[in-house]
Amino acid sequence: MSSQQNIGNAVPQADKLSDLFSLKGKVVVVTGASGPRGMGIEAARGCAEMGADVAITYASRKDGAEKNVAELIKEYGVKAKCYKLTVDDYSDCQRLVSDVIKDFGKIDAFIANAGATANGGLLDDSKEEWDRVVQTDLSGTAYCAKAVGPHFKERGKGSFVITASMSGHIANYPQEQTSYNVAKAGCIHMARSLANEWRGFARVNSISPGYIDTGLSDFIDQKTQDLWNSMIPLNRPGNAKELKGAYVYLVSDASSYTTGADIVIDGGYTCR
């Protein structure tokens, strides 16, 4: 039995690190991967580079997703396809899983990366803004898990990876973003809880990035960005490509004994 046929919590058959990290023959879903330099597309690039066929999703940027699919196919020679997903709609998450299985035959790993940022604090933002962030970041992640979980259980194997945030560990300063912090803290504990719930057939982990330069914070004034950098021991934001190794690790057989973990990749921010 090859490492790609590893069932449940069994020890992989492969011994070489190159084989343990290989994703050849595997199908990985990555939500929220329509941007040109975001965490989602870098996770997809990393998986494709290691041989996985990749299904990516978008909420509104269809052109961006299609461009990313074309790049994945050209650069890595893998099968890739994009799907529209409204992540806070459970029926849409079910449809995504069904469509990917129909198109690819199976799902080996699911990276729940789609998310939304907060525009203000609890008192400044509206009730609707709170609902939007929590529904997208927390409930949307749970809906993805609930949709793909039965497939993992049926096959007896799978890896579910959640993009959380260092904001699930700390309260950011100076910006107020309580809804986002609470949602990401929930995502971290969701990974721990599902790791226990799914212990017989799948692994569940999370990644908590710090400030990552994806272009989404370009509107923030330079003074605030300089303050952020001063609070980071490495004194700079991360590049999204600096996360893809962690995603590949968690979806591969190299992490066969890793479940319920949260990998913090924040340039040292939370160690102070």
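Q: Which residues of H4 meet which residues of H5?
A: This is a predicted model. On the H4 side, Tyr90, Cys93, Gln94, Val97 and Ile101 make the contact, and they meet Tyr143, Cys144, Lys146, Ala147, Val148 and His151 of H5.

Q: How do those residues divide by class?
A: The contact of H4 with H5 has eight nonpolar residues, two polar and one charged.

Q: And at what angle do the two axes cross?
A: Roughly 40°, with the axes of H4 (residues 90-104) and H5 coming within 8 Å. The crossing of H4 and H5 is right-handed.

Q: What about H5 and H6, how do they pack?
A: H5 (residues 127-155) and H6 (residues 178-197) have axes 8 Å apart, at an angle of about 15°. H5 is therefore roughly parallel to H6. Their crossing is right-handed.

Q: Which residues make the contact there?
A: From H5: Trp130, Val133, Val134, Asp137, Leu138, Thr141, Ala142 and Ala145. From H6: Thr178, Ser179, Tyr180, Val182, Ala183, Lys184, Gly186, Cys187, Met190 and Leu194.

Q: What is the class breakdown for H5 with H6?
A: Twelve residues are nonpolar, four are polar and two are charged.

Q: How does H2 sit against H8?
A: H2 (residues 39-49) packs on H8 (residues 244-251) at an angle of about 55°, and the axes are 8 Å apart. The two helices are therefore oblique to each other. The crossing of H2 and H8 is right-handed.

Q: Which residues meet in that contact?
A: H2 supplies Met39, Glu42, Ala43, Gly46, Cys47 and Glu49, while H8 supplies Lys244, Tyr247, Val248 and Val251. By class, the contact of H2 with H8 has six nonpolar residues, one polar and three charged.

Q: What does the backbone do just after H2?
A: Gly51 is there, with a positive phi of about 105°.

Q: Which residue other than glycine has a positive phi?
A: Asn235 is one, with phi near 60°. Asn235 lies in the loop between helix H7 (222-230) and strand E8 (238-239).

Q: Where is there a cis peptide bond?
A: The bond from Tyr173 to Pro174 is cis, with omega near 10°. Pro174 is in the loop between strand E5 (159-163) and H6.

Q: Now Lys62. Where is it, and how exposed?
A: Lys62 belongs to helix H3. Its relative accessibility is 42%, so Lys62 counts as partly exposed.

Q: How far is Lys62 from Lys84?
A: The two are 22 residues apart in sequence, and their C-alpha atoms are 7.5 Å apart in space.

Q: And Gly8, where does that one fall?
A: Gly8 is in the segment before helix H1 (17-21). Setting aside neighbours within four places in sequence, Gly8 is in contact with Gly156, Lys157, Gly200 and Phe201.

Q: What separates Gly8 from Ser256, in sequence and in space?
A: In sequence, 248 residues; in space, 9.1 Å from C-alpha to C-alpha.

Q: Back to the whole chain. How many helices and strands?
A: Eight helices and nine strands.

Q: What share of the residues is buried?
A: Buried residues make up 51% of the 272 in the chain.

Q: What does the radius of gyration come to?
A: It comes to 18 Å, which agrees with a compact globule, because a globule of 272 residues would have a value near 19 Å. Taken along the principal axes, the C-alpha atoms fill a box of roughly 55 × 40 × 40 Å.

Q: Last one: how many of the contacts join residues at least 24 apart?
A: Of the contacts between residues at least 6 apart in sequence, 73% do.

Notes. Residues numbered from 1 in each chain as written. Predicted model: local features only at pLDDT ≥ 70, side-chain atom pairs only at ≥ 80, totals over all residues. Heavy atoms only, no water. Axes fitted to C-alpha atoms, helices over the stretch in contact; angles between N-to-C directions. Helix = DSSP H or I, 4+ residues; strand = E, 2+ residues; numbered from the N terminus. Parallel < 35°, antiparallel > 145°, perpendicular 65-115°, else oblique. Left-handed = near helix turned anticlockwise from the far one by under 90°. Contact = heavy atoms within 4.5 Å. Nonpolar A, V, L, I, M, F, W, Y, C, P; charged D, E, K, R; others polar. Rg over C-alpha atoms; globule rule 2.2 N^0.38 Å. Buried < 20%, exposed > 50% of the residue type's maximum accessible area, 1.4 Å probe, protein only.
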